[in-house]
Amino acid sequence: MDAILKASLPKLREKLLEALQAVLPIAAIVLVLCFTIAPVSPSILLCFLLGAAMIVVGIMFFTLGAEMSMTPMGERVGAVITKSRKLPVILGIGFLLGFLITISEPDLQVLANQVPSIPNRTLILSVAAGVGLFLVFAFLRMLIGISLPKLLVLFYGMIFLLAAFVPKEFLAVAFDSGGVTTGPMTVPFIMALGVGVSSIRSDRHAGDDSFGLVALCSIGPILAVLVLGLLYPTEGAYVPVTIPEMQDSQDMILLFIRALPQYIEEVAIALAPIIVFFFLFNAIYIKLSKRQLISISIGLVFTYVGLVLFLTGVNVGFMPVGNYIGSRIGRLTYNWILLPIAMLIGYYIVKAEPAVHVLNKQVEELTAGSIPARAMELSLSIGVAVSLALAMIRVLTGISVMYFLVPGYVLALGLSFAAPKIFTSIAFDSGGVASGPMTATFLLPFAMGACEAIGGADRIVSDAFGVVAMVAMTPLITIQLLGVEYKIRKKREEKARSLIQDYIRDYADDDIIEL
């Protein structure tokens, strides 16, 4: 154990640097706003800074913990169930894993509280069943070799057909649910499952098919909430963000201390089903060595500590500040400034999503560097910046979310037939990954505060919600455009190589060639 802990210290320092690079730009933007056009009280500002510090430490522990535990757990389970070659076993375990990991996703509870017209338990169980069902579809696609673009066209066609009959109050929340439920718990494990399932295939498309699981799993929650919208045709509502008022620094610390037990319990409940499942599965089928089990156990502790600190930081420190700043800017006579500010925040905030680090690293490793993490990061940042601009246009004008989602998904699905397969799979995965807890707890309250200031509380459900859906949509386009550009560049290189080979072929072996 000591040797494993010592080996993890250099990695912790590396993860700390990554976390600082992700969070400091957001903190700097918020500080500039606080000292200029959106002043806040010193107590709220201190609350934000302490929250930012907790997020940095949380991301550091979570990303290392996910590498040490969630990734190897998912890969081994995926490989073992696929090797069994028993379709009922593969599909049954796939549904169980999708159901368990979704029901334990902390962000799902936040979503449930935002739709009080549907009982919390009904919503949570329906969404979890949706993810489990679509994880089964994802496994079938990988085993049979069905094209991902065709499935995406089919399922998104069903979504938009259902959306035509659902009350408008449910539309934004339904599309938000697809991004919210693929959060920091779900993404690392499901992505690793895909790698494990594809690892026993020897065909040339195995690497491409290792991605796409998150893409399909994001569809399940959207369909589940739309169906519930037909069964519970009542107006949605939202839980207002409370702005903490603190007299001194002691009150601020007490605010975080009081919140900690809630997230300690939430994350424990979230991790417990997966831990119990994996250790039982290991005892029966995998049988890892003692050293491997110790390494995974230490990784789970890191994951637990990281998620507790991260969720406490974003919910207690970031959420109130996001709402307050959005409200202050919305009251300005020049509130159009929401657009560039939201774009700037969106560009940097996606870098602070814990699951984004896992996705970028896995993409770089599985593509042997042909899709570098830096290119992925840039594409995601541009996509989220554009999505936030569109979301603020909705807040300012009240345009329905469907006027953005329908053409956006039509373009994304059209690009899926032009971009290389692996880029399409990664793009649709990244949509769910980019719209994680940072989006739900900073950008959504930011939009809610601005919307309430501009048009009143009545507009919040229809116009502020949908931010997560927009953040989930735009990376599908930007990453596939990156794929199209990569495809064109590759063709040019192949053509140039072919011309050189033709030129050289015209000469004898002993000829001197002047270049």
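Helices here are DSSP runs of H or I with at least four residues, strands are runs of E with at least two, and both are numbered from the N terminus. The patch is formed by Leu161, Phe165, Val227, Leu230 and Leu231, which together have about 520 Å² of accessible area. Accessible areas come from the Shrake-Rupley method with a 1.4 Å probe, and for residues only the protein chains shown count as cover. A patch takes residues with over 30% relative accessible area and no salt bridge; nonpolar side chains (Val, Leu, Ile, Met, Phe, Trp, Tyr) are joined within 5 Å, and like charges within 9 Å.

The model is predicted: local features need pLDDT of at least 70, side-chain atom pairs count only at pLDDT 80 or more, and totals for chains, interfaces and linings use all residues. Residues are numbered from 1 along each chain as its sequence is written, and side-chain values use heavy atoms, with hydrogens and water left out.

**Overall composition**

The protein chain has 21 helices and zero strands. Of its 515 residues, 57% are buried. Buried means under 20% relative accessible area, exposed means over 50%, and partly exposed lies in between (1.4 Å probe, protein chains only). The accessible surface of the chain comes to about 20,900 Å², and carbon and sulfur atoms account for 65% of this surface. Among contacts with a separation of 6 or more, 87% are between residues 24 or more positions apart; a contact means heavy atoms within 4.5 Å.

Phe165, a member of the surface patch, is found in the loop between α6 (148–163) and α7 (168–180). Phe165 is exposed, with a relative accessible area of 61%. Phe310, by contrast, is buried at 1% and is found in helix α13 (residues 290–330). Beyond residues up to four places away in sequence, Phe310 touches Met54, Ile55, Gly58, Ile59, Ala352, Pro354, Pro437 and Met438. One of these, Gly58, is 252 residues from Phe310 in sequence, yet the two are 4.5 Å apart in space, C-alpha to C-alpha.

Helix α7 has 13 residues and reaches 19 Å from its first C-alpha to its last, close to the expected 18 Å. The expected span is 1.5 Å times one less than the number of residues. Because 12 of its 13 residues are buried, α7 is largely enclosed by the rest of the structure. The buried residues include Phe170, Leu171, Val173 and Phe175, as well as Glu169 and Asp176.

**Nonpolar cores**

A nonpolar core is a set of buried Ala, Val, Leu, Ile, Met, Phe, Trp, Tyr and Cys residues joined through side-chain atoms within 4.5 Å. The largest such core has 160 residues, and Ile325 and Ile329 have the most contacts inside it. Its largest share, 15 residues, comes from helix α2 (residues 42–83). A second, separate core has eight residues, among them Ile4, Leu12, Met68 and Phe302. Leaving aside residues up to four places away in sequence, Ile329 touches Leu33, Ile37, Ala38, Asn335, Ile337, Leu338, Ile341 and Phe446.

**Salt bridges**

The structure holds four salt bridges. A salt bridge is a side-chain nitrogen of Lys or Arg within 4 Å of a carboxyl oxygen of Asp or Glu. Three of them are listed below.

| Pair | Closest N to O distance |
|---|---|
| Arg374 and Glu377 | 3.1 Å |
| Arg489 and Glu485 | 3.0 Å |

Glu377 is partly exposed at 25% relative accessible area, while Lys351 counts as buried at 11%.

Arg374 and Glu377 are three residues apart in helix α16, so about one helical turn separates them. Arg374 is exposed, at 52% relative accessible area.

Arg489 and Glu485 are four residues apart in helix α21 (residues 467–505), again separated by about one helical turn. Both count as partly exposed, Arg489 at 37% relative accessibility and Glu485 at 39%. Elsewhere, salt bridges that share partners join Lys351, Arg374 and Glu377 into one network.
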